[in-house]
Amino acid sequence: MSKKSFRQAINEALAQEMRRDPTVIVMGEDNAGGMGAPGEDDAWGGVLGVTKGLMPEFGRERVLDTPISESAFIGAAVGAAATGLRPVAELMFVDFMGVCFDQIFNQAGKFKYMFGGKAVTPLVVRTMFGAGFRAASQHSQCLYPIFTHIPGLKVVIPSSPYEAKGLMIQAIRDDDPVIFLEHKVLYDDEEEVPDEPYTIPFGEANLTREGSDVTIVAFGRMVPFSNQVADKLEKEGISCTVVDPRTTSPLDTDTILECVADTGRLVVVDEASPRCNMATDISALVAQEAFGALKAPIKMVTPPHTPVPFAPQLEDLYIPTPEKIEAAVRAVAGA
Amino acid sequence: MQLSREDLLKAYRDMRTIREFEDRVHDEFAKGGIPGFVHLYAGEEASGVGVCMNLDDRDKIASTHRGHGHCIAKGCDPKGMMKEIYGKRDGLCGGKGGSMHIADLSRGMMGANGIVGGGPPLVCGAALTAKTLKTGGVAVAFVGDGGSNQGTTLESFNLARVWDLPVVFVVEDNGYAESTASAWSVGGSQKKRAEAFGMPGTEVDGHDFFAVYDAARQAVEFARSGDGPSLIHVKLDRHYGHFEGDAMTYRADGEVDRLRQERDALQIFRTKVSEAKLLEIDQLDEIDAEVKELIDQAVAEAETAPPPTEADLLTDVYVSY
Amino acid sequence: MPKWGLAMTEGTVVAWHIGEGAEVGVGDDLLDIETTKITNVVESTRAGLLRRQVAAEGATLPVGALLAVIAAPEVSDAEIDAFIADFNANFEAVAAEIDASAPEPETIDAGGAAINVLRMGDAEGPPIVLIHGFGGDLNNWMFNQPMLAERHRVYALDLPGHGRSTKDAGAGDLAALSATFLAALDALGIEAAHLAGHSLGGAVALQAALNRPARAASLTLVASAGLGPDINMDYIEGFVRAGRRKEMKLVLQALFADPELVSRDMVDDLLKYKRLDGVERAITTIAEAVFAGGRQASVLGHRLHELGIPAQVIWGAEDRIIPAAHAKELPATVRAHVLEGAGHMVHMEKAGEVNALIEEIVAG
């Protein structure tokens with residue numbers, strides 16, 4: 001056990017699974033970096049260094065750099081998964097899904113069903129998401145609601161280093177295609193992470209805070225934001241439960257409904273664009289299944305329905321903040 | 001020519017099975033017994049069989065919209081296929097895939113594909129598996145002339161080259177992408193496209209089983225020996241429309257009748273083997289009769305087979321939920 | 001502020017038991033402290049008058065912070081004020097020293113098994129060795145090891161399949177576990193030690209002592225297995241099965257007389273432990289070997305007289321895992337202590353009394 005960053009936690013999960021299982025391979029743009037170039041080997045180790053050190057340990061045969069050609073290599077990962085490997089393919093930014101989505105949603109996500117249960121596709125697509133990097137409209141989106149919409153895909157959004165390692169190992173061992181979304185602003189977050197391999201099951205929400213007045217459901221970076229708000233308001237006598245569903249598909253609806261039954265108040269915090277996102281999905285769930293438990297209207301904290309802006313002033317206005325979450329919690333608590 | 005008598009009989013039986021299968025699907029579809037869309041491979045038999053005769057259990061293929069022929073050539077069960085096309089519970093895919101997604105991974109058949117150009121990236125992955133696990137396997141991507149213009153196909157040419165994958169790209173050019181002529185829609189030539197990506201490309205007459213077989217043998221050996229990808233441009237004809245129900249108003253008057261008479265792959269095969277005294281016509285006729293009986297049975301069984309149940313609707317979404 | 005367990009950095013004062021001006025003796029309850037993991041009472045280590053409650057109720061303070069001043073009546077208020085001021089002025093340096101000198105566990109090679117060991121104290125003489133129970137780890141001794149270490153060298157170790165030790169529990173029976181335990185003593189260069197084991201760890205200590213009588217200077221068996229046939233299989237199976245916080249919390253509440261002691265962090269730590277590769281197999285193997293068919297496979301209590309060393313058993317009267325009645329059917333030479341108001345985790349719930357009993361047997 002030692003303190004590890006979100007980045008190190010994922011790197012360790014990849015390395016440990018590659019040591020355990022020779023069919024696990026890693027591929028993506030610059031996953032080692034410097035392929036064919038005159039300088040250093042393992043020059044980048046991924047654009048933000050998540051796969052650094054894997055190529056020196058496991059070789060070019062298991063850590064494959066790719067051309068900038070997402071259709072081909074994400075599709076190749078799907079085909080490799082259907083024929084006996086366990087590929088972890090990196091789609092550098094989730095925004096690039098537009099050029100390879102067919103391979104994910106029409107191929108990987110449907111093999112099992114279309115082929116009458118006779119296919120397994122143990123694929124992991126690692127991808128970076130989220131605003132806060134001043135990276136503007138095409139490098140900052142969340143887009144996980146779109147993957148969540150597709151039957152046959154499992155969708156994972158870790159919120160801390162501990163969560164990231166256990167969920168990544170689970171993702172690699174899972175026999176279904178898994179979209180593993182890494183919030184780029186979390187990479188340097190640190191916490192105690194066991195040195196040993198471990199798994200966190202999908203579809204089991206984590207309650208990062210337990211309280212009696214308001215339930216906050218949040219994803220990814222919004223989880224630490226919500227924890228911060230819960231800790232602040234606890235001191236003022238507003239006691240919050242924070243639910244981190246960990247996976248949007250499968251979604252632990254039971255835990256969300258139980259928490260709402262306990263508190264009677266719900267705030268959903270979702271960094272994804274507000275139409276047809278997880279906030280609307282969970283609000284609909286609670287409205288259908290737990291309407292009688294609600295003591296106040298549900299509040300959603302989301303960005304506006306715009307692309308992610310570039311100018312720092314605009315991006316700061318765009319992203320849901322602890323202040324916006326706090327205001328929503330106060331509003332539903334009637335305080 | 002390295003084909004044994006047994007090989008020749010098998011080649012003919014597979015081609016005849018495809019033809020009989022497709023002709024019957026055409027008839028039964030017209031009668032209203034088959035739901036959805038079907039895209040028939042009749043006329044293209046020499047391509048699928050000529051290529052797949054060079055493959056074994058280690059090898060994988062990915063197919064197109066027009067996938068029945070590739071299935072049969074790769075060893076899928078025609079009765080299971082027919083039930084699948086009829087949407088029955090005992091079909092090859094439990095009635096959940098249908099004609100456009102027919103697959104049998106246990107036979108190395110990675111699926112017909114409802115997405116034009118969907119297959120080549122998958123084949124790169126299958127080839128990567130073979131290369132990584134050192135199985136000695138080869139993977140073949142069948143694409144049509146329509147699929148040859150998709151970015152996925154062209155990206156796959158590049159990826160297969162830079163990763164040195166044991167892939168054979170087989171472009172089955174039947175002259176039409178849906179209703180649009182390949183003469184119009186394909187810029188440049190398939191062969192030169194391959195060469196531009198640094199891999200060998202050949203053109204063959206897709207009506208001639210032997211020409212396809214020889215070209216595929218070289219390409220498969222090239223891939224299996226570690227030399228990487230290559231491309232075969234197969235020129236052939238389809239006997240039916242893009243889909244069943246296509247009135248084919250875009251084709252010339254008498255075009256289909258003419259090609260059925262003059263460029264029929266099965267007829268060409270019969271003539272060649274009998275003239276070369278490799279096989280007797282009687283033997284081939286015997287196969288024709290056996291195949292007809294098989295397909296009669298396949299249709300009869302498919303018609304009476306039970307459909308999937310409501311419970312089947314919800315299974316097979318995930319391995320475990 | 002005491003440091004209970006490796007992860008504790010601060011604690012919150014819940015309530016004072018004794019008012020200013022009252023007389024306190026060694027072992028008297030002073031105040032309750034809550035950490036993220038557990039709430040426990042702080043006992044006085046000195047006798048005198050409680051002259052000052054320095055830590056206010058509700059205050060959260062770092063480890064090493066001043067909680068109270070106990071002094072003789074003749075010490076003046078001014079002197080006490082000066083002491084407090086001086087303490088606080090130097091606190092940063094003191095805290096840094098506490099931090100730097102905090103003991104770290106180490107992994108040793110016990111006959112091929114990686115065993116995690118935490119040593120505290122460096123007194124001469126035979127050390128005390130603490131062995132936790134099924135599903136536990138060395139942190140279960142957080143209220144015992146630091147206190148015992150003031151006068152003794154004290155080791156606590158993680159059994160195979162537990163804590164940070166190897167997750168290969170071998171056959172998982174008492175023979176395998178005690179053999180690894182003896183190998184750990186060899187690796188630590190310990191000839192003879194005062195052994196104290198809780199629950200499954202008690203049975204391991206007893207089996208080890210029976211196998212190698214010379215290695216045990218005394219034996220303290222806390223809510224121990226190996227002394228009777230009964231075991232609460234609902235607990236054992238529930239623990240093996242529990243994957244969610246809610247289930248685990250319910251299971252753990254059976255361990256304590258006061259179920260409120262089960263904190264979020266305690267539940268979280270155990271869930272994190274159970275997610276580690278190999279743990280499920282290890283604890284299943286041990287449970288099947290040691291508690292086959294819902295009964296304890298080894299009942300060894302009648303052999304305690306063979307040892308000829310001081311031996312005692314300590315039980316919580318409200319133990320719901322292994323009944324305190326097992327304390328009654330032992331040879332007369334074995335001292336039996338059944339403590340009221342405590343459950344299976346008697347060494348946590350009644351830490352002061354358990355520590356005193358261990359001190360007593362170690363003193364001979």
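Which two strands of chain C pair in the antiparallel sense over 5 bridges? They are β8 (residues 106-110) and β9 (residues 113-120) of chain C, where two strands count as paired if DSSP finds at least two bridges between them, and where helices (H or I, at least four residues) and strands (E, at least two) are DSSP runs numbered from the N terminus.

Before going further, note that this is a predicted model, in which local features need pLDDT of at least 70, side-chain atom pairs count only at pLDDT 80 or more, and totals for chains, interfaces and linings use all residues. Residues are numbered from 1 along each chain as its sequence is written, while chains are lettered from A and ligands numbered from 1 in the order in which they are written.

Next, select β4, β3, β1 and β6 of chain C, which form an open sheet of 4 strands in the order β4-β3-β1-β6, with antiparallel pairing. β4 (39-43) and β6 (60-62) stand at the edges with a single partner strand each, so one side of each is left without a neighbour in the sheet. Neighbouring strands of this sheet are turned by 40 degrees against each other on average, direction ignored, the axes being lines fitted to C-alpha atoms (for helices over the stretch in contact) and angles in general running from 0 to 180 degrees between N-to-C directions. Within the sheet, 4 bridges join β1 (residues 10-16) to β3 (residues 29-34) of chain C, and A15(C) can be found opposite D32(C) in β3(C).

Then move to helix α1 (residues 77-89) of chain C, whose 13 residues reach 18 Å from first C-alpha to last, close to the 18 Å expected at 1.5 Å a residue; the expected span is 1.5 Å times one less than the number of residues. Of the 13 residues of α1(C), the number buried is 0, so this helix lies largely in the open. Here a residue is buried if 20 or more other C-beta atoms, placed from the backbone, lie within 10 Å of its own, exposed if 12 or fewer, and partly exposed in between.

**Chain C: two domains**

Colour chain C by domain, using domain 1 (10-100) and domain 2 (106-363), bounds that come from an automatic or database domain assignment. Their centres, taken over C-alpha atoms, are separated by 31 Å, and the contact takes 7 residues from domain 1 and 8 residues from domain 2 of chain C, with two residues in contact if their C-beta atoms, placed from the backbone, lie within 7 Å.

**Chain A: R86**

Select R86(A), which lies in strand β4 (residues 86-93) of chain A and, with 22 C-beta neighbours inside 10 Å, counts as buried. Leaving aside neighbours within four places in sequence, R86(A) is in contact with D21(A), T23(A), V24(A), A81(A), P122(A) and I172(A).

**Chain B: the sheet and its helices**

Which strands of chain B form an open sheet with parallel pairing? There are 5 of them, in the order β1-β2-β3-β7-β6. At the edges stand β1 (60-62) and β6 (201-205) of chain B, each with a single partner strand, so one side of each is left without a neighbour in the sheet. Neighbouring strands here are turned by 20 degrees against each other on average, direction ignored. β6(B) is joined by 5 bridges to β7 (residues 230-235) of chain B, and in β7(B) the bridge partner of G201(B) is L231(B).

Helix α9 (residues 209-224) of chain B lies across β3, β6 and β7, running at about 170 degrees to β7(B).

**Where chain B touches chain A**

Finally, show chains A and B together: 36 residues of chain B are in contact with 36 residues of chain A. On the side of chain B that touches chain A, the elements giving two or more residues are α5 (119-132) and α6 (151-162) of chain B, and α5(B) gives the most, with 9 residues.
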